[in-house]
Amino acid sequence: MYVGTLSFDLLLGDVRSLKEKRSVVRPIVAELHRKYAVSVAEVGDQDLHRRATIGLAVVSGDTGHLNEVLDRCERLVAARPEVELLSVRRRLHGEDDWS
């Protein structure tokens with residue numbers, strides 16, 4: 001079993017309130033979940049209007065499939081015109097990591 005995680009640090013466009021921020025972040029989270037069946041949530045910077053941190057996790061029995069899903073998720077977020085992807089942190093964990 002392998003677990004892959006991504007953490008996206010996002011700069012949002014012209015957002016002036018937390019309500020506007022939710023209207024940008026929620027569709028991204030929903031699309032990632034719907035398209036790729038990943039666990040995903042806003043995990044940081046909840047009190048900042050123009051910044052968001054989205055965390056994502058995938059479980060797979062195959063590292064090739066795991067990396068393919070993570071790559072697709074990263075491309076989806078990077079292609080969103082309403083956000084600027086500042087950084088992505090990727091981690092892969094295998095069974096040996098849980099001894």
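**Notebook: strands, helices and salt bridges**

I started with the strand pair S1 and S3, which runs antiparallel over 10 bridges. My rule for pairing was at least two bridges found by DSSP between two strands. Helices (H or I, at least four residues) and strands (E, at least two) are DSSP runs, numbered from the N terminus. In this pair, Asp 9 has Thr 53 in S3 as its bridge partner.

I noted what I was looking at: a predicted model, where local features need pLDDT of at least 70 and side-chain atom pairs count only at pLDDT 80 or more, while totals for chains, interfaces and linings use all residues. Residues are numbered from 1 along each chain as its sequence is written, and side-chain values use heavy atoms, with hydrogens and water left out.

**Entry: the whole sheet**

I looked up the strand order next. The sheet is open, has four strands and reads S2-S3-S1-S4, with antiparallel pairing. Strand S2 (39–44) and strand S4 (83–93) each have a single partner strand, so one side of each has no neighbour in the sheet. On average, neighbouring strands are turned by 20 degrees against each other, direction ignored. For angles, axes are lines fitted to C-alpha atoms, for helices over the stretch in contact, and values run from 0 to 180 degrees between N-to-C directions.

I then followed S1 to its other side. Strand S1 (residues 2–12) pairs with S4 over 10 bridges, again antiparallel. Gly 4 is bridged to Leu 92 in S4. Leu 12 has Val 83 in S4 as its bridge partner.

Helix H2 (residues 63–78) packs on the sheet and touches S1, strand S3 (51–60) and S4. Contact here means heavy atoms within 4.5 Å. The direction of H2 makes about 10 degrees with that of S1.

**Entry: the S2 and S3 hairpin**

How many bridges join S2 to S3? I found five, and the two strands run antiparallel. Ala 41 stands opposite Gly 55 in S3. The hairpin has six residues between the strands, and Asp 45 takes a positive phi near 60 degrees.

**Entry: helix H1**

I checked the length of H1. H1 has 19 residues and reaches 27 Å from its first C-alpha to its last, close to the 27 Å expected at 1.5 Å a residue. The expected span is 1.5 Å times one less than the number of residues. Just after H1, Ala 37 takes a positive phi of about 50 degrees.

Which residues of H1 are buried? I listed Lys 21, Val 24, Val 25, Ile 28, Val 29, Glu 31 and Leu 32. Buried means under 20% relative accessible area, exposed over 50%, partly exposed in between (1.4 Å probe, protein chains only). The cover over these buried residues includes S1, S2, S3, H2 and S4.

**Entry: salt bridges**

I counted nine salt bridges in the structure. The test is a side-chain nitrogen of Lys or Arg within 4 Å of a carboxyl oxygen of Asp or Glu. Side chains of opposite charge can pair when their charged atoms come close.

I took Lys 21 and Glu 42 as one case, with 3.1 Å from N to O. This pair links distant parts of the chain: Lys 21 lies in helix H1 (residues 18–36) and Glu 42 in strand S2, 21 residues apart. Is Lys 21 buried or exposed? Lys 21 is buried, at 2% relative accessible area. Glu 42 is partly exposed, at 25%.

Glu 68 and Arg 72 form a salt bridge of 2.9 Å, N to O. Both lie in helix H2, four residues apart, about one turn of the helix. Glu 68 is partly exposed at 37%, and Arg 72 is partly exposed at 38%.

**Entry: a linked network**

I ended on Glu 31, Lys 35, Arg 80 and Glu 82, which are linked in a network of salt bridges. Glu 82 and Arg 80 have their closest N and O atoms 2.8 Å apart. Arg 80 is buried at 17%, whereas Glu 82 is partly exposed at 27%.

Glu 31 sits in helix H1 and is buried, with a relative accessible area of 17%. Leaving out residues up to four places away in sequence, Glu 31 touches Leu 76 and Arg 80. A polar contact of 2.4 Å joins the side chains of Glu 31 and Arg 80. I used this rule for polar contacts: a pair of N or O atoms within 3.5 Å; within protein, one must be able to donate a hydrogen and the other to accept it, and residues adjacent in sequence count only if both atoms are side-chain atoms.
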